[in-house]
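Hi everyone, thanks for coming.

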Amino acid sequence: MKKIYVALLSAFFCPSLLLAQGATDAFNISQTDLKGTARFMSMGGAFGALGGDITTLIQNPAGLGVYRNSELAVTLDFSNQSTGNKIDGFNSTDNRFKFSCNNFGYIAAINLNSDVSPYINFGVSYNRTKSFERTYQGYYGSLNTSMSNYIANVTNGISANDLGYDLDSNGNPVYNGGYDPYGNAPWLSVLGYNSFLISPTAEDNTLYDGIFSRGSSTGSGTYRARERGDISEFSFNFGGNIYDVLYYGIGVGVTNFDYRLESNYSERINNGVILGSEKEVVSGEYNIANRLVMDGNGVNFKMGVILRPIDNIRLGFAFHTPTYYTMTNRMGVSSAYNFGKSYQGVQPNSAVPVLEDAYDYDFQSPWRFIASAAYLFGRRGLVSFDYEYTNYPGMSLDSHNYDYRNENNDIKIYYKSGSTFRVGGEYRLTNQLSLRLGYSYQTSPVKQQVLNGREIVYTSGTNTAYTLDRSIQYYTGGLGYRFSNLYLDLAYIFRLQKQDFLPFSGTYDYRNHWDAPEVGKLTSTTNSFVFTLGFKF
């Protein structure tokens, strides 16, 4: 028998190919990290009621009103990230080191010599609010289901005639000369069908089985992913105070989003079944590689107040509008397989038209509300608390060329509002030297029925893998030293993130049987050393 090993479908796609963004992509765009100056990070980001730090321009712009001097500062970040994935009793770990400039900014303080409004201040800053840099992988030593079964399940209801082949009187596929690449058949279904990963049943050419047959097939699987990119924001702010009791601020953020994913999923199948009527038993392997590029720009608005009812207490409130993004996506996929057979001269279509296209869409991130409180122990120390509420169900996708009604409904099915708790403290050992500690905890924004694995999670295009956030914690500490006009702050940050990883969603087959892969437990830890150098004048 002639061996087959063919690269299939190297292409870019547009919305007409049913590759619109999904709910999990919307969440990806909406994430933020604990990023900023070393002082801000060493206190767990609990600065909503304090101000006087450049990072507050992206948290509570009322903190700008606390300034009495102009200031210039820059922050450097040295991070080492380790990502481990535990699946089917196998553990894998990847490490990555990164150096970056996460924050710099300038504050201009203008003295009005007024008892009513002593100062008005202007500020501009750059902040890297999220880093996507990581590499992870997972190994399934013993498959309980296959991606081919997932492709079969999501293809049910689509005629085989729309995927590239007709069936003869015996139910065998006969290549019909091509298919319309701009038709309504999802490209994942086209890819799976032309790679012989799925076959129509003998009774109905709109119902499909995967190559992995429950009860007789065995196999193993491997997934690898490389993520890159970040979210960065330039913030422009105005603030002041009234009688040194009420501080106010407003700001505009201009956001840049850049995300790149390269992923690879492969399976080795033993005793697989191909071609529904003939029930050919084969063994071999296949591989599906995806590439995704997402980039765009957005704008948001922030407003906040800080109230000092007495000298020792400060209360802060801030509201962030959604970030209104204009996004562009480019996606690509390839499939390769080797099952050791050719079938009646039927060869996979290696002449699939190469499509080079991108699609645009609009995205609205969730709005956020922050409530804060701080207590000052004279000039010796302070303790501060923040609570942040994030309205994840309010995320939405829109386009002139595609109706995102289903995807926006999925957002509300999968996600709930998220909460973040932050606490930080600072103690001044001398007039120059201060010690700091902090902690931050972010709850899971994923609804319980999704975490329990009994909800179908629809992803975009051919990229079937996704993660579900469990929680994120930060343990932080640091110190600061003040010279006359110069200051140096150092911070150490330990970040712990737990996620569920799935190479594809659980689905129901045409027999109403629930097909689901084993869930991987993804744990990412990051150790960061952050340095801020600032100058007051």
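I'll start with the strands and then move to the rings.

Quick housekeeping: this is a predicted model, where local features need pLDDT of at least 70 and side-chain atom pairs count only at pLDDT 80 or more, while totals for chains, interfaces and linings use all residues. Residues are numbered from 1 along each chain as its sequence is written, and side-chain values use heavy atoms, with hydrogens and water left out.

Okay, strands, meaning DSSP E runs of at least two residues, numbered from the N terminus (helices are H or I runs of at least four). Two of them pair if DSSP finds at least two bridges between them. Take S11, residues 280–310: 27 bridges tie it antiparallel to S10, residues 246–274. S11 also runs antiparallel to S13, residues 324–338, with 15 bridges; there, aspartate 295 partners threonine 328. Then there's S12, residues 313–320, antiparallel to S11 over seven bridges, and a hairpin of two residues joins S11 to S12.

Now the rings. Phe, Tyr and Trp rings (six-membered ring for Trp) pair with centres within 6.5 Å; planes under 30 degrees apart are stacked, over 60 edge-to-face, the rest tilted. That gives 34 aromatic pairs. In one of them, tyrosine 126 and phenylalanine 234 have ring centres 5.1 Å apart and planes at 55°, so they're tilted. Tyrosine 126 sits in S3 and phenylalanine 234 in S9, 108 residues apart.

Buried means under 20% relative accessible area, exposed over 50%, partly exposed in between, using a 1.4 Å probe and protein chains only. Tyrosine 126 is buried at 10%, whereas phenylalanine 234 is partly exposed at 40%.
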